[in-house]
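Subject: Structure handover

Hello,

Here is the structure for you to take over. My notes on what was found in it follow below.

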Amino acid sequence: AAHGFHGKEKLLLEITSSSTGKMLAQSPEELEESWVHGEAFNDQGFALDDFDHFSKVMAYYDMIVHPAAAHSLLKAYQQNPDHSLLEQAREELGELLEHDESGEAEDSGEHGESH
C-alpha cells in the first residue's frame with residue numbers, strides 16, 4: 001500500500017493500513033484520539049504533525065482514517081439515533097474532498113443540502 005513512500009511516510013501508511021480492523025472496533029472517541037489526534041503513533045518516533053496535511057501521504061492516510069471514522073459514527077448511531085452522529089459521519093467523508101486537487105470540492109456545498 002505504501003508505494004513510492006519511504007521512511008516515516010512508509011511507516012505511517014504501513015501502521016495505518018494494518019490497523020483498519022482495530023479502527024473499526026473503536027468507538028468514535030477512541031478512533032479520534034488514536035488516529036485523528038495521532039496518539040496511535042506516540043511510541044513510533046513520529047507524530048502526525050511531522051507531515052504536511054496536504055501532502056500525498058496524508059491524502060492516503062485520510063482515505064483510510066476518515067471512512068473508518070464515518071463507519072464508527074454510523075455504528076454509534078445505530079445504538080443511539082442522535083442526528084448529530086450522522087452529521088459528523090457526513091463531515092468525515094467531506095474531509096476527503098479537502099484533498100481534491102482539481103478544486104471541485106469548493107462548490108460541493110451547493111448541492112445536497114436538503115435533508
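Helices (H or I, at least four residues) and strands (E, at least two) are taken as DSSP runs and numbered from the N terminus. On that basis the chain has five helices and zero strands, in the order α-α-α-α-α along the sequence. This is a predicted model, in which local features need pLDDT of at least 70 and side-chain atom pairs count only at pLDDT 80 or more, while totals for chains, interfaces and linings use all residues. Residues are numbered from 1 along each chain as its sequence is written, and side-chain values use heavy atoms, with hydrogens and water left out.

Overall figures

Of the 115 residues, 32% count as buried (under 20% relative accessible area; exposed is over 50%, partly exposed in between; 1.4 Å probe, protein chains only). Taking contact as heavy atoms within 4.5 Å, residues 24 or more positions apart account for 58% of the contacts with a separation of 6 or more.

Helix packing

Axes here are lines fitted to C-alpha atoms, for helices over the stretch in contact, and angles run from 0 to 180 degrees between N-to-C directions. Angles under 35 degrees count as roughly parallel, over 145 as roughly antiparallel, 65 to 115 as roughly perpendicular and the rest as oblique. For residue classes, Ala, Val, Leu, Ile, Met, Phe, Trp, Tyr, Cys and Pro are nonpolar, Asp, Glu, Lys and Arg are charged, and the others, Gly among them, are polar.

α3 (residues 28-36) and α4 (residues 56-79) have axes that come within 9 Å and cross at roughly 165°, so the two are roughly antiparallel. From α3, Pro-28, Leu-31, Trp-35 and Val-36 take part; they meet Tyr-61, Val-65, Ala-68, Ala-69, Ser-72, Leu-73 and Ala-76 of α4. This contact of α3 with α4 has ten nonpolar residues, one polar and no charged.

The axes of α4 and α5 (residues 83-95) are 8 Å apart, at an angle of about 170°, which makes this pair roughly antiparallel. Among the residues in contact are Leu-73 and Ala-76 of α4 and Leu-85 and Ala-89 of α5. By class, the contact of α4 with α5 divides into eleven nonpolar, three polar and two charged residues.

For α1 and α4 the axes come within 10 Å and cross at roughly 10°, so α1 is roughly parallel to α4. Glu-9, Leu-12, Leu-13, Thr-16 and Ser-17 of α1 make the contact with Val-57, Met-58, Tyr-60, Tyr-61, Ile-64 and Val-65 of α4.

Cores

A nonpolar core is a set of buried Ala, Val, Leu, Ile, Met, Phe, Trp, Tyr and Cys residues joined through side-chain atoms within 4.5 Å. The largest has 17 residues, and Leu-12, Leu-31, Trp-35, Phe-41, Val-57, Met-58 and Tyr-61 have the most contacts inside it. α1 (7-17), α3 and α4 each supply at least two residues, with α4 giving the most, six. A second, separate core of five residues includes Leu-73, Ala-76, Leu-85 and Ala-89.

Two residues

Tyr-61 lies in α4 and counts as buried, at 2% relative accessibility. Beyond its neighbours within four places in sequence, Tyr-61 is in contact with Leu-12, Leu-13, Thr-16, Trp-35, Phe-41 and Leu-48. Its C-alpha atom is 9.6 Å from that of Glu-9, 52 residues away along the chain.

Regards
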